[in-house]
Amino acid sequence: MTVVLLHAFPVNRHLFDGQVEYLTKVGMKVVAPDLAGFGESRVPQEASLALMAEQALAHVHEPAVFAGLSMGGYLLMEILRQAPHMVTGAIFMDTKASADTPEGRAQRLRIADDVLASGDTSGLAEAMLPNLLGATTMAQRPEVVAAVRRWIEQAPPQAVASAQRAMADRPDSFETLRNYEGPGVVLWGAEDVISPTSDQRQMLEAMPQAVAREIPAVGHLSAAEDPGAVNDVLLEVLSDWGA
Ligand code: MLT
């Protein structure tokens with residue numbers, strides 16, 4: 001069984017280093033691609049989730065369990081629309097199924113313009129860190145703060161702008177979740193301020209078969225903030241699913 005890990009915005013595949021190492025060690029095949037111009041991937045020519053999902057699917061040659069964190073979760077919802085036959089299990093991490101509010105959308109387009117104009121993502125890193133990471137991580141895990149800052153500073157402005165525009169256009173995905181009948185997980189950090197518990201409850205209502213797991217003392221980037229706790233959940237559900 002293959003497990004595909006789809007990373008968040010505006011970081012890269014290293015978000016899942018702890019999961020790749022652990023799941024590989026316990027004998028699973030793991031694919032954790034850089035997406036949409038982040039890390040070593042190409043910036044898509046067009047800013048759309050559909051194109052980003054196509055790029056992600058190009059890494060996978062057989063049906064697999066997909067886990068998506070935040071933007072990775074939006075992509076997983078898009079994959080469920082484009083290629084549901086490829087998904088044998090869906091793990092949603094720190095994400096949400098709602099579309100943006102008009103204010104949220106406008107803010108994304110503003111960030112896209114600003115980052116292209118400045119040609120630099122260090123200001124974005126400074127602004128986003130306290131929201132991406134939980135209060136506990138900000139206070140007690142300086143190595144995680146430094147790694148996430150580095151990943152954001154390495155993100156190409158083009159990729160940031162393109163992903164923001166793509167996410168601004170994403171549809172409401174509750175119907176997608178209601179139509180999904182396979183096994184699911186909704187996992188989130190207890191200190192996540194970007195996709196808080198209320199978003200997770202709504203996803204669970206749309207997907208009543210899904211298992212709910214709240215990870216204590218972590219924020220939005222749960223997989224990097226406490227890899228061990230996230231690995232425990234992944235191993236538990238993947239074993240249940242016979243992966
Ligand atoms: C992410 O972590 O991928 C972003 O916070 C998603 C978003 O901006 O909605």
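Which residue in β4 is the bridge partner of A67? The partner of A67 is I91. The model described here is predicted.

- The open sheet has 6 strands, which follow the order β2-β1-β3-β4-β5-β6 with parallel pairing.
- At its edges are β2 (29–31) and β6 (211–215), and each of these pairs on one side only.
- On average, neighbouring strands of this sheet are turned by 20 degrees against each other, with direction ignored.

- Strand β1 (residues 2–6) pairs with β3 in the parallel sense, over 4 bridges.
- Within that part of the sheet, V4 has F66 in β3 as its bridge partner.
- β3 also pairs with strand β4 (residues 87–93), again in the parallel sense, and here there are 6 bridges.
- β4 is joined in turn to strand β5 (residues 184–189) by 4 bridges, and the two run parallel.
- I91, the partner of A67, stands opposite V185 in β5.

**Helix α3**

- Helix α3 (residues 71–82) has 12 residues.
- From its first C-alpha to its last, α3 reaches 16 Å, close to the 16 Å expected at 1.5 Å a residue.
- The helix lies across β1, β3 and β4, and runs at about 150 degrees to β4.
- Because 10 of its 12 residues are buried, α3 is largely enclosed by the rest of the structure.
- The buried residues of α3 are M71, G72, G73, Y74, L75, L76, M77, E78, I79 and L80.

**Packing of α2 against α3**

- The axes of helix α2 (residues 49–57) and α3 come within 9 Å and cross at roughly 85 degrees.
- The two helices are therefore roughly perpendicular to each other.
- On the α2 side, the contact is made by L49, A50, M52, A53, E54, A56 and L57.
- These residues meet M71, Y74, L75, E78, I79 and Q82 in α3.
- The residues of this contact divide into 10 nonpolar, 1 polar and 2 charged.
- Among the α3 residues in the contact, M71, Y74, L75, E78 and I79 are buried.

Methods: Residues are numbered from 1 along each chain as its sequence is written. This is a predicted model: local features need pLDDT of at least 70, side-chain atom pairs count only at pLDDT 80 or more; totals for chains, interfaces and linings use all residues. Side-chain values use heavy atoms; hydrogens and water are left out. The expected span of a helix is 1.5 Å times one less than its number of residues. Buried means under 20% relative accessible area, exposed over 50%, partly exposed in between (1.4 Å probe, protein chains only). Axes are lines fitted to C-alpha atoms, for helices over the stretch in contact, and angles run from 0 to 180 degrees between N-to-C directions. Angles under 35 degrees count as roughly parallel, over 145 as roughly antiparallel, 65 to 115 as roughly perpendicular and the rest as oblique. Contact means heavy atoms within 4.5 Å. Ala, Val, Leu, Ile, Met, Phe, Trp, Tyr, Cys and Pro count as nonpolar, Asp, Glu, Lys and Arg as charged, and the others, Gly among them, as polar. Two strands pair if DSSP finds at least two bridges between them.
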